[in-house]
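Dear colleague,

I am passing on the structure below, with notes on what was found in it. Please read them alongside the coordinates.

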There are 2 protein chains.
Amino acid sequence: MRYGIIGTGAIGGYYGSKLAHSGKDVHFLLHKDYEYVREHGLHVHSCDGDFSLNPVQAYPDTKDMPVCDVVLVGLKSVNNGLLSHLLPPLLKEDTLVVLIQNGIGLEEDLQAMFPHLQIAAGLAFICSSKTEPGVIRHECYGSINIGNYSCKQEEKVLAVRDDFLQAGVKAALVEYREARWKKAVWNMPFNGMTVALNTTTDQLLSHPSTERLIHDQMLEVIHAAQHLGVQNMHEAFADKMIQMTREMVPYSPSMKLDFDFQRPMEIDYLYTKPIEEARNAGFSMPKLEMLENELRFIQHRYLNK
Amino acid sequence: MRYGIIGTGAIGGYYGSKLAHSGKDVHFLLHKDYEYVREHGLHVHSCDGDFSLNPVQAYPDTKDMPVCDVVLVGLKSVNNGLLSHLLPPLLKEDTLVVLIQNGIGLEEDLQAMFPHLQIAAGLAFICSSKTEPGVIRHECYGSINIGNYSCKQEEKVLAVRDDFLQAGVKAALVEYREARWKKAVWNMPFNGMTVALNTTTDQLLSHPSTERLIHDQMLEVIHAAQHLGVQNMHEAFADKMIQMTREMVPYSPSMKLDFDFQRPMEIDYLYTKPIEEARNAGFSMPKLEMLENELRFIQHRYLNK
């Protein structure tokens with residue numbers, strides 16, 4: 001299978017490099033560091049062992065890329081509007097696009113853009129970053145869960161999972177909606193609260209008032225998902241997520257890193273869309289709605305967006 | 001009538017000085033600037049015309065003060081625990097204590113401390129500050145509403161109002177609970193949100209997401225008050241408060257000034273008590289509860305309290 005990577009950053013760059021390193025045919029779209037990667041390759045500094053790719057099948061524009069069987073999208077979701085012209089050159093009849101992004105509603109919006117496209121969700125559990133051209137730092141974790149959204153060829157989704165497994169990436173198939181909403185249980189409280197209070201996960205949990213708030217916000221997500229008919233959403237999952245976070249190193253979620261580096265924050269898919277989906281079904285998430293409002297103000301004020 | 005002032009700051013200092021300037025017998029408790037005031041007097045720089053008091057009946061300790069007919073308390077409510085030993089030297093059988101403070105539950109707590117005390121609420125609508133010893137800056141407004149909490153002598157409350165009127169202070173008698181909760185409609189959103197987002201009232205209203213949030217929080221207060229049986233609480237009051245705030249100069253509420261000057265914030269009476277009162281009656285205020293949690297974290301982190 002031929003893979004295309006749109007967004008060769010901390011996420012797309014990591015998973016694409018792992019696949020290429022295991023011998024898969026992988027084609028990378030690069031932007032700012034295209035020249036660098038063309039000349040010097042891609043370097044992954046990983047907790048599991050460093051490796052490099054050189055040469056890299058790198059492209060400055062999807063128009064120059066071949067059609068692919070599978071496209072992994074690792075863009076920040078704030079740029080998903082670009083997919084309407086980035087994707088078509090890579091598509092053939094049965095291309096599967098995997099959105100390795102955070103949030104709720106991503107697949108719906110892409111499907112509206114491309115009604116016949118086969119789409120899956122990729123849920124990455126990884127600490128990685130790209131801080132210099134062509135260099136990806138993989139700190140810890142690294143698994144990926146794949147949830148089928150609209151792919152009629154179930155065997156294709158299985159094949160992607162198997163390719164990941166062969167590449168040494170812990171991968172599993174999961175139920176799409178359950179996976180997206182379960183990830184939101186962690187993402188919605190911690191991404192926004194670390195920005196709103198300019199802090200890290202451990203600090204939020206070390207103070208009783210914010211620990212309670214994080215827990216309350218997690219319950220809002222769980223109850224919204226239950227209300228929407230998502231399976232296997234139980235209140236105990238909040239306690240499990242808090243316990244897991246306690247065991248992590250002090251952590252700045254991706255939205256906090258975006259804020260710190262003055263990049264636009266993924267407010268739409270992390271907050272607005274799930275809150276709207278719940279509201280349209282008659283369920284309100286007041287504390288996360290307030291957090292969304294605070295983040296919009298912060299984004300406007302500090303990032304001028 | 002003899003007046004005692006506990007807390008000769010921006011509030012107690014202003015109203016006490018107005019009364020003394022109009023010829024009333026007023027005795028001031030001073031703390032840090034006792035020596036300065038003893039020597040140089042009290043100076044009020046006021047939008048209504050400057051004036052000074054010299055000499056001032058100033059005391060470093062309530063033990064040295066005479067018993068009073070009326071005591072005006074202008075302390076920050078975080079110091080109300082001190083009243084248990086500050087008040088007794090000033091009290092006689094029928095002393096009326098007027099709490100010119102922000103929040104909900106102040107009178108209840110003082111009554112629990114002194115079960116037979118006559119208490120009223122003073123609701124100040126004023127922009128004033130004390131930035132140097134013995135000097136009070138009165139920027140604008142200045143009226144005071146008085147709500148009788150437990151004073152059996154209605155004529156005494158009327159006499160206090162009349163003394164204020166004679167002193168050139170716009171004063172009126174109001175229904176106690178309605179007045180406290182109506183003030184909370186403005187106080188709860190703006191005090192905390194200007195701290196949480198490190199901003200001013202005009203900025204909060206200039207961005208649609210925070211304007212909506214402020215409005216939502218105002219409705220939480222109004223609905224809580226309705227639920228508690230408070231009279232004359234209508235949703236339209238939120239619009240009126242927002243419109244009034246738009247017409248004000250960009251404003252930092254008292255909690256924002258406390259935060260900026262690293263003084264402890266009045267979280268207990270501005271948030272915890274009203275939220276608890278509503279919760280105990282079965283009504284929840286999720287957005288203001290979240291704001292309370294954020295403020296506790298901020299207070300702990302920046303003020304070490």
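Chain A of this predicted model is divided into domain 1 (2-174) and domain 2 (178-303), with bounds that come from an automatic or database domain assignment. The C-alpha centres of these two domains of chain A lie 25 Å apart, and their contact takes 13 residues from domain 1 and 15 residues from domain 2, where two residues are in contact if their C-beta atoms, placed from the backbone, lie within 7 Å.

As to the conventions, residues are numbered from 1 along each chain as its sequence is written, while chains are lettered from A and ligands numbered from 1 in the order in which they are written. Because the model is predicted, local features need pLDDT of at least 70 and side-chain atom pairs count only at pLDDT 80 or more, whereas totals for chains, interfaces and linings use all residues.

Turning to the two chains, their contact takes 14 residues from chain B and 14 residues from chain A. On the side of chain B that touches chain A, the largest share, eight residues, comes from H12(B), a helix spanning 286-303 (helices are DSSP runs of H or I, at least four residues, numbered from the N terminus).

A rotation of 180° with 0.0 Å of shift along its axis superposes chain B on chain A, with RMSD 0.0 Å (by least squares on the C-alpha atoms of residues with pLDDT of at least 70 in both), and the two copies are thus related as by a two-fold rotation axis. In chain B, the C-alpha nearest that axis belongs to B:Lys287, 2.8 Å from it.

Best regards

Key:
Helices (H or I, at least four residues) and strands (E, at least two) are DSSP runs, numbered from the N terminus.
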